[in-house]
Amino acid sequence: MSQQERILSGMRPTGSLHIGHYHGALKNWVRLQDEFRCFYFVADWHALTTHYEDPSVMGASVWDMLVDWFGAGLDPNRSTVFIQSRVPEHAELFLLLAMSAPLGWLERVPTYKDQIEKLKDKDLSTYGFLGYPLMQAADILIYRARYVPVGEDQVPHIEMTREIARRFNHLYGREPGFEDKALAATKKLGGKAAKRFAELRTRWQQEGDAAAIEAGRALLASASIPREDRERLAGYLEGTSRAILVEPAARLTETPKLPGLDGNKMSKSYGNAVLMREEPKALTDKVRKMTTDPARVKRTDPGEPERCPVWQLHKVYSNEDTKVWVQQGCRSAGIGCLECKQPVIDAMLAEQVPWRERAQPYLDRPQLLREIVDDGCARARQVAEETMRDVREAMGLGYR
Ligand code: TRP
Ligand code: SF4
């Protein structure tokens, strides 16, 4: 079942990624490939909502980021990896959703006023910036994704996406010819199952028998029929119809917050990041210079790991024995900070090895990267086109 369920997520193109991107998002994206049909995209139009004056952030940034995605372990044979602007259907759905999207919903998105405040040096009183959560909704809904792996800050966007889907289905929900299509789908269940499904539906709709609807859902879940028919029959069973757009759920994962080298949030713009493909020598130097417990001035002063960003790295990179060694050694001034950092450096260097190996073919042959992304864009477009056909038809635009 879940192999049919779709995951979608996107990232703005920011060039080479740092280890915070890996531990905060990519690692999880890679894992989800085992369980779902995954769609991952470069959100280049999103980057323009805040960097419209500086399109130089595109171009190389897009390709550098993609090299790190594949280096991290995204598998082009299992995941569909594409670039948003190469699937123009996203813009079409964004436009069509805009017709009925209440302004208040967009103005109420918490990041909206926040970001305008925070990014004071930029003029963000633009139509594009107000609209970007709706563009995100279109990104998700066009793939009928069930789950969207994102960080905490993005949850309000997913909630709004659900509201947008619900509103759309409410306004345009009833698929033309729904009854006929549902009956045809019932037949596909096969004689006995079809009969049982019809009985269960009657028991639910006429007698409100909750066990019947449960049994009906179970029957659908195990039936080998196309996804569209399964959705239709789910609606037929409930007494609604086939939902045209699917309400997605955010999929939060417990991700450790990796501190930057100065103890603040890791970010390339703060200059405190360690890149995934950082040169080993540069990586070693950076971590050796990293901020430690400010109260530990001299080697003989005891320290407190809880006040030290290096300890946060140990939590991600070290085993139990090493962690005990750090806690005791730090608090008793038994170890020095450089000594304490060495296991972290070793673990980071080891972690880089497979990333580098997997990235190398793409660095050697940029054409390979282009081809894989071409293929991903084409596959993404096929799915997007399928949704758009239903959306156009539902909105009275089906004349072709
Ligand atoms: N807005 C997201 C961010 O800034 C990126 C993004 C765009 C996204 N569209 C998406 C994430 C769709 C998940 C799903 O990080
Ligand atoms: Fe931080 Fe380790 Fe130094 Fe303690 S010994 S202050 S945990 S770097």
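1. A residue is taken to be near a molecule if one of its heavy atoms lies within 4 Å of it. The model under discussion is predicted. On this criterion, the surroundings of ligand 2 consist of Thr292, Asp293, Arg296, Cys308, Val310, Val326, Cys330, Cys337 and Cys340.

2. Two elements give two or more residues to the shell around ligand 2, namely α15 (320-331) and α16 (337-364).

3. By residue class, the shell around ligand 2 comprises six nonpolar, one polar and two charged residues.

4. A separate point concerns helix packing. Two packed helices are described by the angle between their axes and the distance between the axes. For helix α6 (residues 110-118) and helix α7 (residues 127-141), the angle is about 145 degrees and the axes lie 10 Å apart. The crossing formed by α6 and α7 is right-handed.

5. Which residues of α6 and α7 meet? From α6 come Thr111, Tyr112, Gln115 and Ile116, and from α7 come Phe129, Leu130 and Tyr132. Of the residues in this contact of α6 with α7, five are nonpolar and two are polar, with no charged residue.

Key: Residues numbered from 1 in each chain as written. Chains lettered and ligands numbered in written order. Predicted model: local features only at pLDDT ≥ 70, side-chain atom pairs only at ≥ 80, totals over all residues. Heavy atoms only, no water. Axes fitted to C-alpha atoms, helices over the stretch in contact; angles between N-to-C directions. Helix = DSSP H or I, 4+ residues; strand = E, 2+ residues; numbered from the N terminus. Left-handed = near helix turned anticlockwise from the far one by under 90°. Contact = heavy atoms within 4.5 Å. Nonpolar A, V, L, I, M, F, W, Y, C, P; charged D, E, K, R; others polar.
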